[in-house]
Amino acid sequence: MAVKKKQIIECEVIDVAFGGKGLAKIDGFAVFIDQTVTGDRVAARIIRKKRNYAEAVVQELLTPSPLRVAPPCPYSGFCGGCKWQFIDYPHQLDLKRRHVAESLEHIAMLGGTAVHPTLPSDHVFGYRNKMEFSCSDRRWLMPHEMGTDADISFALGLHVPGTFHKVLDTRACLLQPEAGNRILDAVRTYMRASDRPVYGLRTHEGFWRFLMLRHSAAHDRWMVNVVTAAEDREAVQPLADLVRDQFPEVVSVVNNITARRSGVAIGEREIHLAGEPVLTDRIGDFDFDISANSFFQTNTRGAQRLYETVGRYAALEGHETVLDLYCGTGTIAIWLARMAGEVIGLELVASAVADARKNCRTNGIDNCRFILGDIKDTLASIETVPDLLVIDPPRAGMHKDVVGQVVKMAPEKIVYVSCNPATLARDVLALKEIYDVEAVQPVDMFPHTFHIESVARLVKKKG
Ligand SMILES: C[S@@+](CC[C@H](N)C(=O)[O-])C[C@H]1O[C@@H](n2cnc3c(N)ncnc32)[C@H](O)[C@@H]1O
């Protein structure tokens with residue numbers, strides 16, 4: 001037995017594994033250590049022991065790695081928002097490229113695939129166009145707040161990793177543009193002073209649940225979405241009016257209402273409180289109306305890099321039929337529409353399809369159509385084989401029935417957009433009998449996190 005639970009080990013971190021943790025070996029036994037990077041020498045305490053690996057937390061950083069940088073955010077190391085802030089940005093990019101290549105090698109047995117260097121994000125801070133802050137009646141104190149008279153019965157902020165009910169009272173988040181922090185502060189002050197109680201994530205009682213902020217990078221405008229557990233116009237309307245008064249850049253305030261226990265900031269109902277019901281943003285030449293609950297890539301400039309890569313890998317001539325699976329609000333379909341004959345988008349969520357149709361009208365695009373439903377069922381209704389298949393599934397990747405249908409359809413080219421290299425590799429493995437993976441381009445949409453977006457170009461094998 002190489003290590004035991006609670007044991008303190010001294011070791012050198014030799015790599016950073018997929019999922020973001022540092023890796024050390026004790027007599028060949030793998031130990032994953034959170035918040036470490038290659039070259040760190042640490043004393044770490046084993047907190048979990050499994051058959052093939054253990055997990056540990058740093059007790060003391062004995063020798064810091066040269067790959068470390070001083071994180072600018074005071075919550076770094078405590079907040080689940082961005083866990084890689086202490087790693088030099090060029091090294092983050094390198095790790096992302098390597099994690100894609102390793103997933104393809106180990107899961108799809110495709111060692112040697114051309115995985116290009118990760119395209120960096122234009123901005124490494126202030127890049128997020130959407131933030132969700134949770135309310136909680138259990139505030140997680142920072143070390144300097146312990147033993148002070150800090151009120152622990154209210155928090156509005158980001159979660160501490162590994163806990164669902166404890167929340168930091170986040171004063172500022174560097175991932176959002178600066179004005180977002182001033183709006184966050186004004187909303188916090190209002191909620192704290194209000195006589196409506198904050199929601200308890202254990203008790204499931206209380207009123208104030210989430211604050212969601214959306215930012216339009218193109219127009220520097222904001223949407224404020226206050227999520228509450230019940231309808232109470234008297235409580236939320238003054239907040240909307242106050243925010244509009246104090247922040248002229250806030251052009252939309254809405255209230256989502258949800259009685260569900262799940263920690264998702266989406267309401268069963270939405271009440272429009274002030275300004276416009278939607279926020280308009282722009283990717284490249286295209287405008288998009290985004291409602292509070294629409295899916296929209298969270299790094300707008302990153303989305304442009306991503307779609308440029310999709311366009312390059314699609315290599316369309318203008319006459320082709322493109323099938324866009326998991327099309328969301330139609331952003332990729334619209335991006336490709338002027339380069340193709342026709343684009344057909346398939347999507348599960350009715351409001352996303354409605355947004356996609358509206359987005360086409362806004363942008364004068366008339367060669368896209370959208371089919372609503374689960375792709376498992378709707379893909380079968382496509383009778384012609386498209387020239388290009390675009391696939392952009394959620395983290396879980398494609399359902400195996402969908403993979404089977406893609407194999408049967410067998411278009412000449414596939415552009416697969418993935419936010420999870422493990423499911424990309426799994427799906428590519430299922431397609432590799434008939435497709436070659438020509439190239440993969442990671443695009444950094446999420447600096448300071450271990451999340452990886454990448455685009456793969458698959459071409460049908462000859463003969
Ligand atoms: C990663 S998003 C991609 C959105 C879009 N391509 C974009 O860039 O904005 C995945 C989309 O797949 C949709 N989706 C998830 N499961 C689905 C299914 N079984 N059938 C159809 N669409 C699905 C989700 O609603 C979501 O809009």
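Student: Into which domains is the chain divided?
Tutor: The bounds come from an automatic or database domain assignment. This is a predicted model, in which local features need pLDDT of at least 70 and side-chain atom pairs count only at pLDDT 80 or more, while totals for chains, interfaces and linings use all residues. Residues are numbered from 1 along each chain as its sequence is written. The chain is divided into domain 1 (8-63), domain 2 (90-123 + 299-460) and domain 3 (130-283).

Student: How many residues of domain 1 are in contact with domain 2?
Tutor: The C-alpha centres of domain 1 and domain 2 lie 35 Å apart. Two residues are in contact if their C-beta atoms, placed from the backbone, lie within 7 Å. On the side of domain 2, five residues take part, and on the side of domain 1 the number is four.

Student: What is the order of strands in the open sheet of seven strands?
Tutor: Strands (E, at least two residues) and helices (H or I, at least four residues) are DSSP runs, numbered from the N terminus. Two strands pair if DSSP finds at least two bridges between them. The edge strands, each pairing on one side only, are E19 (368-372) and E22 (435-443). With mixed pairing, the order is E19-E18-E17-E20-E21-E23-E22.

Student: What angle does the direction of helix H4 make with that of E23?
Tutor: Axes are lines fitted to C-alpha atoms, for helices over the stretch in contact, and angles run from 0 to 180 degrees between N-to-C directions. Helix H4 (residues 300-314) packs on the sheet and touches E20, E21, E22 and strand E23 (453-460). The angle between the directions of H4 and E23 is about 10°.

Student: At what angle do the axes of H1 and H9 cross?
Tutor: Two packed helices are described by the angle between their axes and the distance between the axes. Helix H1 (residues 89-107) and helix H9 (residues 421-431) have axes that come within 9 Å, and the crossing angle is roughly 35°.

Student: How many nonpolar residues has the contact of H1 with H9?
Tutor: H1 contributes His99, Val100, Ser103, Leu104 and Ile107, and the H9 residues include Pro421, Leu424 and Arg426. Ala, Val, Leu, Ile, Met, Phe, Trp, Tyr, Cys and Pro count as nonpolar, Asp, Glu, Lys and Arg as charged, and the others, Gly among them, as polar. The contact has one charged residue, two polar and, as asked, nine nonpolar.

Student: In E14, which residue is the bridge partner of Asn256?
Tutor: E14 (269-275) is an edge strand of an open sheet of six strands. Strand E13 (residues 250-257) and E14 run antiparallel and are joined by six bridges. The partner of Asn256 is Glu270.

Student: Which strands does helix H3 touch?
Tutor: Helix H3 (residues 233-246) packs on the sheet, and its direction makes about 40° with that of E14. The strands touched by H3 are E12, E13 and E14.

Student: Which residues come nearest to the ligand?
Tutor: A residue is near a molecule if its C-beta atom, placed from the backbone, lies within 6 Å of it. The shell around the ligand has twelve nonpolar, four polar and three charged residues. Of these 19 residues, the nearest are Tyr326, Gly328, Leu348, Ile375 and Asp392.
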